[in-house]
Amino acid sequence: MDACAACFEQRTTFTQQVLAKALNQLVEQIPLPLLFMRTVMQAISAFPALVDFVMEIMSRLVSKQIWKYPKLWVGFLKCAILTKPQSYGVLLQLPAPQLENALNKNPVLKAPLVEHASQPNVRSTLPRSSLVVLGLAEDQQQQPAPEAQSSQNQAAETSSSAAEATTEVTQESSAAS
């Protein structure tokens with residue numbers, strides 16, 4: 001941490017371009033360095049113009065399933081808060097369970113993210129599962145619509161009738177033998 005802090009102080013050597021290149025290389029390391037997200041946040045603090053570049057990095061981290069690395073996930077969420085509203089697009093790339101986790105851990109994100117996701121051009125691109133997490137759609141799995149319930153009942157009755165008919169035919173065949 002001290003070494004990173006010393007680098008950030010030397011802005012003539014460690015310019016915005018140098019930091020961007022370094023972050024680009026670090027994000028490709030397997031495993032990701034433990035202090036990676038801290039370094040990303042320091043880079044944004046030193047060079048606020050790097051925010052758009054950092055959004056690309058964060059998007060790549062979503063592809064790499066950053067939530068599977070608990071310490072980095074915490075840093076990812078801190079970075080999302082630090083960079084809002086730019087980070088809203090990245091947060092909406094998260095699978096629904098991770099989006100829900102992020103919002104539960106950071107309730108401050110929910111209202112502005114819902115507002116962002118409510119825009120027609122954004123909403124139309126989101127999966128239903130994300131809309132459910134944001135409260136912008138109802139979860140159809142929990143309460144089937146009355147028509148769906150009626151269809152399920154009819155299917156069950158038809159299936160039951162078919163089974164009874166098969167049993168009767170089988171019994172008649174056995175009696176005939």
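Helices (H or I, at least four residues) and strands (E, at least two) are taken here as DSSP runs, numbered from the N terminus. The structure described is a predicted model, in which local features need pLDDT of at least 70 and side-chain atom pairs count only at pLDDT 80 or more, while totals for chains, interfaces and linings use all residues. Residues are numbered from 1 along each chain as its sequence is written, and side-chain values use heavy atoms, with hydrogens and water left out.

The protein chain has 11 helices and zero strands, so from the N terminus on its elements run α-α-α-α-α-α-α-α-α-α-α. Buried residues make up 33% of the 177 residues in the protein chain. Here, buried means under 20% relative accessible area, exposed means over 50%, and partly exposed lies in between (1.4 Å probe, protein chains only). Contact means heavy atoms within 4.5 Å. Among contacts between residues at least 6 apart in sequence, 64% join residues at least 24 apart.

The axes of α3 and α4 come within 10 Å and cross at roughly 165°, which makes α3 roughly antiparallel to α4. Axes are lines fitted to C-alpha atoms, for helices over the stretch in contact, and angles run from 0 to 180 degrees between N-to-C directions. Angles under 35 degrees count as roughly parallel, over 145 as roughly antiparallel, 65 to 115 as roughly perpendicular and the rest as oblique. The crossing of α3 and α4 is left-handed, a term used if the near helix is turned anticlockwise from the far one by less than a right angle, with right-handed used if clockwise. On the α3 side the contact is made by Phe36, Met37, Val40 and Ile44, and on the α4 side by Val51, Val54, Ile57 and Leu61. By class, this contact of α3 with α4 has eight nonpolar, no polar and no charged residues. In this grouping Ala, Val, Leu, Ile, Met, Phe, Trp, Tyr, Cys and Pro count as nonpolar, Asp, Glu, Lys and Arg as charged, and the others, Gly among them, as polar.

Next comes the meeting of α3 with helix α5 (residues 70–82). These two helices pack at an angle of about 20°, with their axes 8 Å apart, which makes α3 roughly parallel to α5. Their crossing is left-handed. From α3 the contact takes in Phe36, Met37, Val40, Met41 and Ile44, and from α5 it takes in Leu72, Gly75, Phe76, Lys78, Cys79 and Leu82. By class, the contact of α3 with α5 has nine nonpolar, one polar and one charged residues.

Helix α4 (residues 51–63) also holds Phe53, which counts as buried at 19% relative accessibility. Leaving aside its neighbours within four places in sequence, Phe53 is in contact with Ala20, Leu23 and Asn24. Phe53 and Leu23 are 30 residues apart in sequence and 9.6 Å apart in space, C-alpha to C-alpha.

Side chains of opposite charge can pair when their charged atoms come close. With a salt bridge defined as a side-chain nitrogen of Lys or Arg within 4 Å of a carboxyl oxygen of Asp or Glu, the count comes to one. It joins the side chains of Arg60 and Glu28 (2.4 Å, N to O). Arg60 lies in helix α4 and Glu28 in the loop between α2 (16–26) and α3, so the pair ties together parts that are 32 residues apart in sequence. Arg60 counts as partly exposed at 28% relative accessibility, and Glu28 counts as partly exposed at 45%.

Most residues other than glycine have a negative phi, and most peptide bonds are trans. A cis peptide bond, with omega of about -10°, joins Ile30 and Pro31, and Pro31 lies in the loop between α2 and α3. Another cis peptide bond, with omega of about 10°, joins Lys84 and Pro85, and Pro85 lies in the loop between α5 and α6. Ser87 is also found in the loop between α5 and α6 (88–91). Ser87 is buried, with a relative accessible area of 0%, and is in contact with Met55 and Ala80, leaving aside its neighbours within four places in sequence. In the loop between α4 and α5 sits Gln65, a residue other than glycine whose phi has a positive value, near 55°. Gln65 is partly exposed, with a relative accessible area of 31%.
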